[in-house]
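Here is a friendly note to read alongside the model. Please keep the viewer open and look up each place as you reach it.

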Amino acid sequence: MSYRKTLKLICGIAGGSAALVFAAAAAADSRGYFGEQRGEAASRWSRFAVVRAAQPAWTPASHTPAPTGHAWDFNWDKRDPSTLSNGKKKESTTEDPSSERDNGKPKATRNILLIRHSQYNLSGNGDKERILTPLGREQAELTGQRLAALGLKYDVLIHSSMARATETANIISKHLPGVELVSCDLLREGAPIEPVPPVTHWKPDAVQYHEDGARIEAAFRRYIHRADPKQKEDSYEIIVCHANVIRYFVCRALQFPPEGWLRMGLNNGSITWLTIRPSGRVALRTLGDAGFMPPDKLSRT
């Protein structure tokens, strides 16, 4: 086998570092460091021996990342059927215990589509003046068209009571006739928890974290949980709110450190999709999806 073919083979097996070792071995062999009287085969195998010695032994354990966090908490929403007990005595001793447990288990999957409000007027004095810009209204139309195009049977459209979220929800609602519209104060924008690492351009007071954090956590507990056992079919719920609220929800739902919420960014009018299984498993299907908008319609204000 030629040096060139041998070099290609080793690079494919062991990577670039092995190629450097092989080159050194070839140079050493050409100078007789591996023995003056060796034949071609002996010379070739001497080079392979050097390369093999330079590579760490492969074992499954050495290439498997070690877990860095806590195990998944299946009772994160305090609705795990195996932990629920109402303290009532059974009225009939003939009732099948397994049947009773099955009746108390969630069977449906909840799909929660979190929509960030569209672009709004940042120079407005107070919430009432911070309404959508012309671009923001276009974005809301595009988001409404996208949600309609998905062809899902939406159960409800909940929105923050702030002006920019309310206006965004009203425009989206035009594309989803028959879907109930509900306003909620808990979903208003705020400072959920002090971010890590800290940022210099945004530093709310400690009292704001204390007050907003409790409210946003209450919103999470109200809206992000597995289905009720009485729910028979999968549901699709839309929540129009704000970037800080959505990012905090995502961290909490995935059991990531909530203080990492500011490491993510969301475009205006984007769609974040959480799926909550009956078992309590949570999946993030999309984060800040705005691919349905033309590039000139994208913003992040």
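1. What volume does the second largest pocket have? The volume is about 230 Å³. Of the 13 residues that line this pocket, the closest to its centre are R116, Y120, E189, A243 and T301. On a 1 Å grid over the protein atoms alone, a pocket is an open set of points where a 1.4 Å probe fits, with protein on both sides within 12 Å along at least five of seven lines, and lining residues have an atom within 4 Å of a point. Grid points are joined across faces, edges and corners, and the volume is the space filled by probe spheres set on the points.

2. A word on how to read this note: the model is predicted, local features need pLDDT of at least 70, side-chain atom pairs count only at pLDDT 80 or more, and totals for chains, interfaces and linings use all residues. Residues are numbered from 1 along each chain as its sequence is written, and side-chain values use heavy atoms, with hydrogens and water left out.

3. Back to the pocket lining. Helix α8 (residues 243-253) gives the largest share, three residues. By type, the lining has six charged, four nonpolar and three polar residues. Here Ala, Val, Leu, Ile, Met, Phe, Trp, Tyr, Cys and Pro count as nonpolar, Asp, Glu, Lys and Arg as charged, and the others, Gly among them, as polar.

4. Now the overall plan. The protein has eight helices and six strands, in the order α-α-α-α-β-α-β-α-β-α-β-α-β-β along the sequence. Helices (H or I, at least four residues) and strands (E, at least two) are DSSP runs, numbered from the N terminus. Of the 301 residues, 40% are buried; buried means under 20% relative accessible area, exposed over 50%, and partly exposed in between (1.4 Å probe, protein chains only).

5. Do look at helix α6 (residues 163-173). Eight of its eleven residues are buried, so the helix is largely enclosed by the rest of the structure. These buried residues are A163, R164, A165, T168, A169, I171, I172 and S173. They pack against β1 (110-116), α5 (134-149), β2 (156-160), β3 (180-184) and β4 (235-241).

6. Is H159 buried or exposed? H159, which sits in strand β2, is buried, with a relative accessible area of 5%. Leaving out residues up to four places away in sequence, H159 touches A165, T166, A169, L181, V182, S183, C184, L187 and V240, where contact means heavy atoms within 4.5 Å.

7. At the end of the strand order, β5 (residues 271-276) and β6 (residues 282-289) pair in the antiparallel sense over five bridges. Two strands pair if DSSP finds at least two bridges between them. T275 has A283 in β6 as its bridge partner. The hairpin has five residues between the strands, and G280 takes a positive phi near 100 degrees there.

8. A cis peptide bond, with omega about 0 degrees, joins V196 and P197, and P197 lies in the loop between β3 and α7. K78 is not a glycine, yet has a positive phi of about 60 degrees; K78 is exposed, at 59% relative accessible area. Q255, in the loop between α8 and β5, also has a positive phi, near 60 degrees, and is partly exposed at 29%.
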